[in-house]
Amino acid sequence: MSQTTNLSQIYLDANATTPVLPQAAQAAMDAMQDLFGNPSSSHITGLKAKNLMEQTRQRAKTLLGTGEGKLIFTSGATEGIQTGILSGLIKAKTQIKKGKKYSILYGSTEHKAVPNSLAHWNEILGINAEIKAIPVDQFGKLDLEFIQKEVGNALMICTMAVNNETGVYQDLQQLEQCIREGNSKVFWLVDCVQALGKRPLNLAKTSIDYAPFSGHKLYAPKGIGFIYIREGAPFTPFIAGGGQESGLRSGTENLPGMAALNVIFQMLLDTDNTTFYDLNTLNDYRRQLSHSLSQAFPDIVFNHQFNNSVPTTLNFAVPGFSSKEIMDLFDAANIRVSSGSACSSKVTRSFVLDAMGLPVWQSESAIRLSFGPAMTQEEVDSACARIRSAAKALTNSCLMLDDTEQTQDKTPLNGLVQLRSGSSCTWVYADMKSKQALVIDPLPELEKRIDTLLQCQQLTPVAILDTHGHADHISGRVALANKYLSTQQSDVLGWPTNTKKVAVGDESFSVLTIGELFLVKVPTPGHTDDSISLLLSSDPMNLITSTRYAFCGDTILMGSLGRTNFASSSSIDMYHSLKQINRLIGQQTLLCASHDYNNEFTTTLSAEVVRNCLLQSVLTGSINQSQFAARKADLDSNLNDETGTEILCGAYYGDCDKAQIKEYSSDSLKQRLTVSSDVKILDIREPHEYALQHKLDTVSEQSSTENSLNTGLNIPMTRLVQFIQEHQMEKESEWVLVCRSGSRSMVAAQAMYRLGFTNVAHLKGGYALSS
Ligand code: PLP
């Protein structure tokens, strides 16, 4: 069965959901069109529907070995989980002895439906037992000693057969022994969602009380699931009403869903079926996919062991790449995988991998690749080929080195690159002609990426610099300088000794040359006493008109000023430094800070004074140094350091409201393009995403939206600052930014708008919604 839904997509996210198998879809369609009766009706149409329902139930019971236990249909596993937990806890409540303390146990890697339901019903039912997470070891195996110790006082225990993020399975026999030795009565729910079709289950042979399942994880449609209830286990209907399912679960049954499940069960039961592949084949698929991944990303780390996980799930991380980057890369190669982490607000880690005690970077960069038992060899082959070409695209854009191939046609780097880790920034400037580079504020976590970039582009750094001694992190400067500039004498920030001086007015500054440009060092103490600003200019004698970029560290941050409440800070010094910067640079000079807390990329003095009244007061001379110091101290005292792992280096003064950016749908954009030839499309995806997409379009000979939009310019986010610098004369032009999903294009459009690109728009939903 093809997992693909169109010619080129390879869908490898089966643990999230699966496509509906054509045979199952056909059965559902037949049920909607022919067997549409209500199973409760006593006429022939109703009886036929009921017959289909009972046949499905019987097949499920046979498949799962439910014996005398009950099997009732639900809307999915979340409902099944509620049903099991509610039933168990209602009964447990009646057994509670006054004065005794109870707990409820669940595996720390459970799907959130389990702990959230436990907390919910524990509170609603007024049980108030202590809910405890059972730890797992580094391999994801439940801590049996913990269970042994705790289960005696437990009212209920919830574990999972197979983990949805890692595919790790538990030894249910061993687990049962441990649970029952400690407590023969405790109600035991096993979430079997990810085990269906992948692990043998013989439920009535166990003392599992409740086992919820879901149809959409195994080729049936969404909205159908079922739960097994052990014979004799307490049961309370979760939904009351018309008395369907013998009163155990009311509501008119989802017959099309059951019809689809019926076909799936039939195939699972039929040993001659050719749709689902056996364990050996699936193991072989895993071997091929993991081999291709390891070849493509030689540093790859798998986040689980293969000997205790189902072969259909691969969870991995690639050092130096965030999960978002790999997701974007795979999406461009038209392979659908998922990030292993919960990407809500600032939580970008996987709680499952955290529970396993894996290093933070592995949890943050986790990618899950999962497939179903209907995966074909042909699909595995094309997935492997796509993985290889995705990696090749990364080496071509100098994000990975390829030792085997020295003659790739890489576009030479020329100009400014902004690299980020969290909200901290590293700046790399490359001069294509001289092959020289500058590295400013290298973050230690970006060391490898910077090193790869320098090697791949064959660049020689003239200096590797910090703009100040950073309080929030150790600089990656020394390690890189040791590698590239071991013979260079420099000061503590990396500024080479014995550089030339240049006179500007009655002052003189040290200067370095890079290609045809000059880097001027200006002391700007305040945030720290060693803070400097680095002005990259084409003419050091005319800094105001010729400074393209001012790397000002934490002195001026976007929407704020660097904090001045460190031991080595001085707000009075900052006051003078701000004036100094204002004297030296022009209104168009782009300020490149070492933090970007709000995804704004870069700024200018003129853009800052509009929203930063303190800076405005300093630059217009309306306050003196002591008034500045007083207001600054007040602002710094409101700084909240408790925002995650980063120390905030400046208080935010400006209002955070983002501009309302004009949005196009793909249709309205195409229409706009037909009436105006002046619209400029700016594709802001990374070059490897762009290259992969073009390659796919050529291969599939499909005309994608991308082609029809005739994207002339590919400016990735890392190069946006240079683009802004070079297109200052085109601020009135009609720019439309596009990316994969519309989120990067929105952020970048807002940044451009703030800097005066008044006619900027973006493609809402990106290419994802356009193809
Ligand atoms: N349990 C596990 C292990 C799952 O993977 C999922 C789905 O992601 C659920 C429960 C919830 O299933 P459903 O979507 O059917 O409510």
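Residue G80 is found in helix α3, which covers residues 77–95; helices here are DSSP runs of H or I with at least four residues, strands are runs of E with at least two, and both are numbered from the N terminus. The model is a predicted one, in which local features need pLDDT of at least 70 and side-chain atom pairs count only at pLDDT 80 or more, while totals for chains, interfaces and linings use all residues. Residues are numbered from 1 along each chain as its sequence is written, and side-chain values use heavy atoms, with hydrogens and water left out.

G80 counts as buried because its relative accessibility is 0%, where buried means under 20% relative accessible area, exposed over 50% and partly exposed in between, with a 1.4 Å probe and protein chains only. Leaving aside neighbours within four places in sequence, G80 is in contact with T74, P212 and I227, contact meaning heavy atoms within 4.5 Å.

Another part of the structure is a sheet. Here 5 strands form an open sheet in the order β27-β31-β30-β28-β29, with parallel pairing. Its edge strands, each pairing on one side only, are β27 (662–664) and β29 (713–714). Two strands pair if DSSP finds at least two bridges between them, and 2 bridges join β28 (residues 680–683) to β29; L682 has L713 in β29 as its bridge partner.

Helix α20 (residues 666–675) lies across β27, β28, β30 and β31, and runs at about 95° to β27. Helix α24 (residues 743–754) lies across β27, β28, β30 and β31, running at about 180° to β31. Such angles run from 0 to 180 degrees between N-to-C directions, the axes being lines fitted to C-alpha atoms, for helices over the stretch in contact.
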